[in-house]
Amino acid sequence: MSRPGGFSRFILPLLLLPLLPRAAAAQDPLARTTLVVFITVDQMRGDYLDRFGAQLTGGLARLKTGGAVFANASLDYAITETAPGHATGMSGRFPRSTGIFSNSLGVYDPQAPSIGGGAAPASPFRFRGSTLIDWMRSRNPQSRALSVSRKDRGAILPMGRAQQEVYWYASDGRFTTSTYYADTLPAWVRQFNARRLPHQYAGKAWTPLLPASEYPEPDSVTVENRGQGIVFPHVAPADSALAARVLPNYPWMDQLTLDFALDGLRQLDLGQGPAVDLLAISLSTTDAVGHAFGPDSRELHDQILRLDRALGAFFDRLFQIRDSAGVIVALTADHGVTPFPEVYSARTGRPAGQVDLSGVAGIVRARILARGVDSSAWQWEDGVLWMDRGAFTRAGVSADFAVREFMTAARENPGVLRVDQVRSLAQQDTSRDYVSRRWLHMIPPELPVEVVVTLKEHYVWGPASYAMHGSPHDDDARVPIMLYGAPFKPGAYRDNARVVDLAPTLAAVLGVAPTERVDGRVLRAALRSAGTN
Ligand SMILES: [Zn+2]
């Protein structure tokens, strides 16, 4: 690490200046930090740690007992999907600032094909600004990063735009990358792929880890998995190519991702100096299982236990090859999940359901098209109405009238909580009104979003045949933050932490400063040297 005075080399926003002496002071006792491991569990609710706590014995247990745990941290923005979540954890900024608004406006990029095919073309071209690895490299250009996931967005977005080693899973059973990062796969990735590990799961059965009596959840719930294969065991297809393609639906995908990450760490010599390195891992099976079977299922319960065991084995192996005293681990999630409405209603007796406003939006759209407005001027998708007001003006049609007509009709749906014009959100009391606040944190100012519709809690956008997330409510927005390693004070923290706090907190313990303004703050309560940090 370079000296504290090195900060003077950088031109930083004035807002950051008061942080500098504190951030710089943190580095001396932590000079041994060699590696940051950032783990995202795709679709992990904050309450899982308590709900399954007694049965956790592996990696989650290690982080829970030995780390600083914010079990109910918040994403604190509205569209709680995978792409915005992965863009937030290492940037310290809300989607309004990263520009990653939704999965559909995520990493898809036809100009960046995947190497060898089998995966969608992808790049971070929509991502704006910097992330932790950029700040680390500003401090010491020799810092390197490896980011791996089953999903392209899970691997790409934690790195922002940085062209580091970034790999994701292709449907043919290989890990690959896109031309944004490289023209060919390096030898170590080709060698890992040549082992054809995914194909070896053909015909294998996923059975519960523990005896059936250890699972309070019923196994036979007909709404699960579209009514197909709802009970254990879940057997992978006998055909090996097919098994590789559907591997993301099984706990073995997380195991494979962790094996690949560890192999990459070894091959790239990460965490061996001369600078601090970053290993980012996003584990996606919890999302696949949660969507298919729901958060109240026996399958989800077993998946969390298997994730815990896989992480335990991963840490054991990692700490055999790297001194644990030099390793920092941060774990969070990109979003939670809302139960199947049918399951929630049966369990609680409370109302829940699906809402589909495409008919309402379609009626208004047909009217304005009939009056000559261009068809691209009115787009409706999952709670968001996009409008090109210029097209209304050109056609001589009142945009305000169309908006009012839609808002009035939308409010009549019993599952709708509120319908807001984006321009009015900032006038709300955003300290108490979390819905307004979370939408404000969501929408980049240049996006022509006119109206946002928020459903009541436990209502989801339909038609859907799997459990959903993506709402501003806590089922989807509450996720854990766990910080483990020498700089952190173990304990359960009740503080109102947010995922945007993660990157500035890691930066502070590494003695680097964000190179732009961030939304998060340093979680000082969790730091051993809180007084001097
Ligand atoms: Zn996700």
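Colleague: Are threonine 82 and aspartate 334 buried or exposed?

Modeller: This is a predicted model, in which local features need pLDDT of at least 70 and side-chain atom pairs count only at pLDDT 80 or more, while totals for chains, interfaces and linings use all residues. Residues are numbered from 1 along each chain as its sequence is written, and side-chain values use heavy atoms, with hydrogens and water left out. A residue is called buried under 20% relative accessible area, exposed over 50% and partly exposed in between, with a 1.4 Å probe and protein chains only. By that rule, both threonine 82 and aspartate 334 are buried.

Colleague: Which protein donors does the zinc ion have?

Modeller: Donors are N, O and S atoms within 2.8 Å of the metal (3.2 Å for Na, K and Ca); water is not among the atoms, so sites may look incomplete. Here the zinc ion has Asp42 (OD), Thr82 (OG1), Asp334 (OD) and His335 (NE2) as protein donors, at 2.0 to 2.2 Å. Along the chain these donors show the spacing D-x39-T-x251-D-H. Threonine 82, in helix 4 (residues 82–88), and aspartate 334, in the loop between strand 9 (327–333) and helix 13 (341–348), are 252 residues apart, so that pair links distant parts of the chain. Helices (H or I, at least four residues) and strands (E, at least two) are DSSP runs, numbered from the N terminus.

Colleague: How many bridges join strand 13 to strand 14?

Modeller: Two strands pair if DSSP finds at least two bridges between them. Strand 13 and strand 14 run antiparallel and are joined by five bridges, with valine 419 opposite valine 453 in strand 14. Strand 12 (residues 384–387) also pairs with strand 14 in the antiparallel sense, over three bridges; there valine 384 faces valine 452. Strand 14 (residues 449–455) is mostly covered, seven of its seven residues being buried.

Colleague: Why is the pair of phenylalanine 315 and phenylalanine 319 described as stacked?

Modeller: Rings of Phe, Tyr and Trp (its six-membered ring) pair if their centres lie within 6.5 Å; planes under 30 degrees apart count as stacked, over 60 as edge-to-face and the rest as tilted. The structure holds 20 aromatic pairs. In this one the ring centres of phenylalanine 315 and phenylalanine 319 are 6.1 Å apart and the planes stand at 10 degrees, so the pair is stacked. The two residues are four apart in helix 12 (residues 298–321), hence separated by about one helical turn. Phenylalanine 315 is buried at 1% relative accessible area, and phenylalanine 319 counts as buried at 17%.

Colleague: What are the ring distance and plane angle for tryptophan 378 and phenylalanine 406?

Modeller: Their ring centres are 5.9 Å apart and their planes lie at 85 degrees, so the pair of tryptophan 378 and phenylalanine 406 is edge-to-face. This pair links distant parts of the chain, with tryptophan 378 in strand 11 (residues 378–381) and phenylalanine 406 in helix 16, 28 residues apart. Both tryptophan 378 and phenylalanine 406 are buried.

Colleague: Which residues touch the most other members of the largest nonpolar core?

Modeller: In soluble globular proteins, nonpolar side chains tend to be buried together. A nonpolar core is a set of buried Ala, Val, Leu, Ile, Met, Phe, Trp, Tyr and Cys residues joined through side-chain atoms within 4.5 Å. Among the 138 residues of the largest one, Val37, Leu318, Trp439 and Leu483 touch the most other members. Helix 12 gives the most to this core, with ten residues. Apart from it lies another core of 27 residues, including Val355 and Phe406.
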